[in-house]
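Hi everyone, thanks for coming. Let me put the structure up, and then I'll walk you through it.

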Amino acid sequence: MHIFEEIKKSTITAVWFVFLTFPIMVIRVNTIHKTIEWRWDNMIMVAVGSFALSFVWRYFMEHRQAPKPEAMGRGVPWIQNARQAIKHPVFFYSAIALLTVFAVIFPFIFSRYQVNIMTTALIYVMLGLGLNIVVGLAGLLDLGYVAFYAVGAYSYALLHLHYGLNFWICLPLGAGLAALFGIILGFPVLRLRGDYLAIVTLGFGEIIRLVLENWNEFSKGPSGIAEIPRPPIPGVELSLSESSVFLYFLVIILTLFTVFVVNRLRNSRIGRAWIALREDEIACQAMGVNKTATKLTAFALGATWAGMAGVIFAAKTTFINPASFTFLESAIILSIVVLGGMGSIVGVIASALILILLPEYLRAFSEYRMLLFGAVLVIMMVFRPQGLVSTVRQTYQFKGLKKDKEVG
Amino acid sequence: MMERLLDVKSLTMDFGGLRAVDQVNLDVCQGEIVALIGPNGAGKTTFFNCITGIYAPSDGEISVIPPGKKPIRINGFKPHKITQAGMARTFQNIRLFPNMTVLENVMLGRHCRTTSKILGAILRGSHTRREEEETVDFSYHLLEKMGLEKYANEFAKNLPYGAQRRLEIARAMATEPFLLLLDEPAAGMNPQETKELDDLITKIKNEEGISILLIEHDMKLVMNISDRIFVMEYGREIAKGTPLEIRENPKVIEAYLGEEVHA
Ligand SMILES: Nc1ncnc2c1ncn2[C@@H]1O[C@H](COP(=O)(O)OP(=O)(O)O)[C@@H](O)[C@H]1O
Ligand SMILES: [Mg+2]
């Protein structure tokens, strides 16, 4: 009975897919010979494929609904064991040591190409962690995050072009300017939440890009700015490949710095205020949190990392133009945060690496790589909507309590 | 005459054409438990929202007078300023931070009594560390007082209903108010839980020295613990007085159809 129902539904799905894909998959118009080619074998493939997929999909959906969200992870023994194992200091420190060794020898055992994509991935880790402050912690859906990335990149490019300022000065300047832009965006959107906020920030991102594209005197328009110097070491001439290794290490250090700062911020008075604002804005204000200040710090601090990442991006590619700062970029960074699990640092790092490295290594699959990429995203959202790493409860040591007990 | 803590004069709140609160006068003195009662839709919650800065009232004067200090006129103040001034509240439909732990919920209440800034959070110097320790300790002790310590590291959303209500009170108390506003704290509680709440509120008043203004429908609770009662109907204040006076007041009996008041 049940299985017939399933077969019926899957058949309907298959027919529907065949219908939808008919014009592109079956009919092919040959414009040279003016003939129409009917590719019936494609139709059969679509039918069988969508039937099978729909069947599998339904099966998984049914099984997904079974366990309650809270029971997940807590109830499953091996996940719990794995969690405990990870927390164990021996495991933890050896993992850290291994990672460190790997990160250090990485540029010496792999090609320059590998080093470059790893650098890019790490830049996205920074971007993801920065946006994580705004979206994951403070719960402000920002679709224009790339604007601050652009501000950082153009700060370096233009300050170097006009004033000859070098990378090391521009790194904090770019971060600071991006923070300023974060506040400038923050003010008008203070009263907005959810979808409204998303739309306005999206608009802001586009405005910045359009300004850069059209204000030729200022930004050189679509042709962009070239010959941006790579990060120099005073008194040392670096070859091209040495320079990318240097950049790699620089990005590693900055990523660690980001992790350190974001982690400290999250477990602080301000971090709690961000999370509370995300959880319930009205209750948060009523408990004595200044909404304006809290939102603005979230925007400003989030933007800071984008600005820094932007400066590094400009230094890495040595050429920037507005095409690097489209909405797609914001969407990718947002996917990193959502996929990683809102507010989770480890999750964001993992998902940034997956999302940026995966398409690179999938190049072997050439045209299908984006399709695969999309499939991975969809599957993730279906099976782990809370992200790779769900929020971990922060626990505290009650010092006073211990004292009391010792005294009493 | 006891010292006044809250003084509201002819407070009015219009929503478009609807006058939800109409020229209401109310005051709370030091050491008092004052109740605000009235049928559903009378405008009690709106009154709370006005005096806690969530709505900007259309008209009227609101002053708080922190004990031993000068009166502060709080019309048009942002909610956090009012909390800072020493008036904290709970909500009719519980508004906890569901994905924060019970302890963190209370710690958030300490926000307005602590000062560490961004740089402090990043560098975590001795000041920040001390403050953070004090926040944890203060919050934990508060949980103990409210009988919630066993839940300290649970997510707030996983708490039983009665405990969630108590946690909301604990969170408000973490802001060290001199006046606590409770919006229907007994709503949805069983008689046993209501009895415990009764004791808890009295304890808060006596041991912590916090005065209380509460909205409540449970007449037994109200008559039991209140020093004075204000009654609202259709946005207007129709009566005020001691529980005894209110019980006998014909207008109140009419508003409540004479049933519950004698409960
Ligand atoms: N934000 C609002 N906008 C419009 N009308 C409102 C709003 N809040 C409350 N009201 C109206 O004000 C009246 C009083 O509501 P409320 O204060 O919640 O009553 P109570 O708490 O006494 O049950 C109701 O008629 C309600 O519909
Ligand atoms: Mg109400």
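How many residue pairs are in polar contact between chain B and chain A? There are nine, counting pairs with both residues at pLDDT 80 or more. By polar contact I mean a pair of N or O atoms within 3.5 Å; within protein, one must be able to donate a hydrogen and the other to accept it, and residues adjacent in sequence count only if both atoms are side-chain atoms.

Some housekeeping before we go on. This is a predicted model, so local features need pLDDT of at least 70 and side-chain atom pairs count only at pLDDT 80 or more, while totals for chains, interfaces and linings use all residues. Residues are numbered from 1 along each chain as its sequence is written, chains are lettered from A and ligands numbered from 1 in the order in which they are written, and side-chain values use heavy atoms, with hydrogens and water left out.

Back to the two chains. Chain B brings 48 residues to the contact and chain A brings 41, where contact means heavy atoms within 4.5 Å. Together they bury about 3900 Å², with 61% of that on carbon and sulfur atoms. Buried area here is the accessible area (1.4 Å probe) that two parts lose on being put together, summed over both. On the chain B side, B:His80, B:His111 and B:Ile122 supply 15% of the buried area, more than any other three residues.

What about charge? Two salt bridges link chain B and chain A, a salt bridge being a side-chain nitrogen of Lys or Arg within 4 Å of a carboxyl oxygen of Asp or Glu. B:Arg95 pairs this way with A:Asp280, with the closest N and O atoms 2.9 Å apart.

Which helix of chain B gives the most to the side that touches chain A? That is α5(B), with nine residues; helices are DSSP runs of H or I, at least four residues, strands are runs of E, at least two, and both are numbered from the N terminus.

Now to ligand 1. The residues around it, with a heavy atom within 4 Å, include B:Phe15, B:Pro39, B:Lys44 and B:Thr46. An oxygen atom of ligand 1 is 2.7 Å from a side-chain N or O atom of B:Thr45. A backbone N or O atom of B:Gly43 sits 3.0 Å from a ligand oxygen, and a polar side-chain atom of B:Tyr55 is 3.0 Å from a ligand nitrogen. α1(B) provides the largest share of this shell, three residues.

Last stop, the whole structure: 20 salt bridges over all chains. One joins A:Glu213 and A:Arg209, closest N and O atoms 3.5 Å apart. These two are separated by about one helical turn, because they lie four residues apart in helix α9 (residues 194-214) of chain A.
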